[in-house]
Amino acid sequence: MARTVARVIIDALQELGVGHVFGVVGDALNPLTDAIRTTEGLEWVGCRHEEAAAFAASAQSQLSGTLGVCMGTVGPGAVHLLNGLYDAAKSRTPVLAIAGQVPLAEMGSDYFQEVDNDLLFRDVAVYRATVTSPDQMPRLLEAAVRAAVGHGGVAVLTVPGDLGDQELTQDRPARFPRARQLTRPDEPGILEAAEIINAGSKLTLLVGRGARDARQEVLALAEHTGAPMVLTLKAKEGFEGDNPYQVGQTGLIGNPAAAHALDGCDTLLMLGTDFPYRDWYPTDCRVVQVDTQEQHLGRRVPIDAGLAGDVGATLRALLPHLDAKPDRDHLDSARKRFETWRTGQQRLAEPAHDTRSWTGRLRGKVDNRDHDIRPEALAAAVDACADADAIFTSDTGMATVWLSRFVTMHGDRRLIGSYNLGSMANAMPQALGAQLWAPDRQVVAFCGDGGLSMLLGDLMTIKTHQLPVKLVVFDNRRLGMVKLEQEQAGLAEFGTVLDNPDFAAVATALGLTGIRVTDPATLTDSVRRAFATPGPVLLDVLTNPQEIAVPGKPTVQQGWGFAIAKVKELLESHEN
């Protein structure tokens, strides 16, 4: 008996080792979800919002390095997938989205809920196709999976509602070649890069997520050349722990040591990174870049040599041509600054600490009239309590800032977030996907109050599956990063205040364990209790909305902007 279109798709997902399909059921998807119902080893995870489904699928793909799968039914269901799919696309991780469509005969007639999926997903997808005949299967599915895996991106396959249960006339198994090819530049390119690096005396490495599989080669390079290692946020995982060369992050979430390592170098070697913030690159140095994507070479900063290839394979070819540099002054200077900065950061994590420096000269009391908890203290407490193999997710904004500064990715810890798209509301659904992927590992979500409330309904998905996720809510009743952006520009805070509920009470009402923390003296015990409690826990911590994160290179303009904003806010408070 020939299989149906739905059966071909679901059998192929099972063969590929996909464990979960995330989505919201409905009409055009019914043949597919019914096939999942009768398929061993493949679980349907019904979410409350398709955006959460796409985030969860993307999280599983990023953690596993394999295909993630989500579904959205005809019209609005497909549209709701978009934000999570954009996050997957920007993260360069393979995700297959299966979208429903109106019946084939109604396509193009402006039918109820009809959306042109091929047009809708044109920008986000490396592959998109609509099945118009059963006999296009499994060819279209094979093409979609190959594109997603081969390009590290999103593929969208649209299935009209009346095709899912139609049988193929010529059935065959789907075929998915899985060979991975490692590439390295040719010898002239290697020699050119070696000549540039050898000519310099102060080399700095800027290391990104694309170098994670080459940890040993990168460490050997740093040792051989005496180079400090500046990490992008996504490179914390894999390079932060047990690394005597790293000096933390650059950019707005960075630190003075990383800024010093970059500004003080005469040669910059970029490894597996497409770090987008041009203002933070050094301007008076020679630059060599290694990246698997040739189109990434030189698009952020002018380069003197570009090597298109796998970081590990390229470094194995490059290292024998590099001169050893016994002079460690550049490395030692950056590391000393880094340790000094970290010591100061640890003081900020003490709940009783209430002073802050903005320009390094102007010091004063932080406005904390409500005795709220320091977010630095919360992040440090979580770091101390979390397992050595915990998986962390973080919402975009201040939650990510505190994680980047106070949580160390040592051991087998993993980290994902919306670090390329910068979406709100990603941490909780990504944690959902991560916990299903690794049911025996601790999963911790750093949630902003704005992000959590945006997709609050999928707390019910966590409850339904009894996923032991620990949701840590930085409840500062603000869109904190937007507030900081406004004040740095000299604008009074406006539109950022959030009228939050008691999130712990909401969680309790939904069937999760809710813990609310309002007293700094109870913070550490509350974090320990949350981590020791079986099942899902939401830890709602009231943090001080006036806390700011000073960037690695604060400018005079930022300082004046902040001061002007505070004066405006003070005057408005007196008027009101």
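User: How do the axes of helix α11 and helix α13 cross, and at roughly what angle?
Analyst: In this predicted model, the axes of α11 (residues 256–263) and α13 (residues 329–348) come within 8 Å and cross at roughly 160°. That makes α11 roughly antiparallel to α13, since an angle over 145 degrees counts as such.

User: Which hand does the crossing have?
Analyst: Right-handed, as α11 passes α13.

User: Which residues make the contact?
Analyst: From α11, Pro256, Ala257, His260 and Ala261 take part. On the α13 side they meet His330, Ser333, Ala334, Arg337, Phe338 and Trp341.

User: Take Phe338, then. Buried or exposed?
Analyst: Phe338, in helix α13, counts as buried because its relative accessibility is 3%, and the cut-off for buried is under 20%.

User: What is Phe338 in contact with, leaving aside neighbours within four places in sequence?
Analyst: Gln246, Val247, Gly248, Asn255 and Ala257. Ala257 is also one of the α11 residues in the helix contact.

User: And how far is Phe338 from Glu50?
Analyst: Their C-alpha atoms are separated by 42 Å, and the two residues are 288 apart along the chain.

User: Changing topic: the largest nonpolar core. Which members touch the most others?
Analyst: That core has 50 residues, and Phe22, Cys70, Leu85, Phe121 and Leu471 touch the most other members.

User: Which helix gives the most to this core?
Analyst: Helix α3, residues 50–64, with eight residues.

User: What does Phe121 touch?
Analyst: Not counting residues up to four places away in sequence, Phe121 touches Ala78, Leu82, Leu85, Ala99, Arg128 and Val156. Of these, Leu85 is also among the core members that touch the most others.

User: How many residues are in the second core, and which does it include?
Analyst: The second core is separate and has 39 residues, including Ala381, Phe392, Leu484 and Val541.

User: Last topic. What does UniProt place at residues 4–117?
Analyst: The unreviewed UniProt entry gives "domain: Thiamine pyrophosphate enzyme N-terminal TPP-binding" for that span.

User: How much helix and strand is in residues 4–117, and how far apart are the end C-alpha atoms?
Analyst: The span is 43% helix and 18% strand, and its end C-alpha atoms lie 22 Å apart.

Methods. Residues numbered from 1 in each chain as written. Predicted model: local features only at pLDDT ≥ 70, side-chain atom pairs only at ≥ 80, totals over all residues. Heavy atoms only, no water. Core = buried A, V, L, I, M, F, W, Y, C linked by side-chain atoms within 4.5 Å. Buried < 20%, exposed > 50% of the residue type's maximum accessible area, 1.4 Å probe, protein only. Helix = DSSP H or I, 4+ residues; strand = E, 2+ residues; numbered from the N terminus. Contact = heavy atoms within 4.5 Å. UniProt positions renumbered as here; feature names shortened; annotations may be inferred. Axes fitted to C-alpha atoms, helices over the stretch in contact; angles between N-to-C directions. Parallel < 35°, antiparallel > 145°, perpendicular 65-115°, else oblique. Left-handed = near helix turned anticlockwise from the far one by under 90°.
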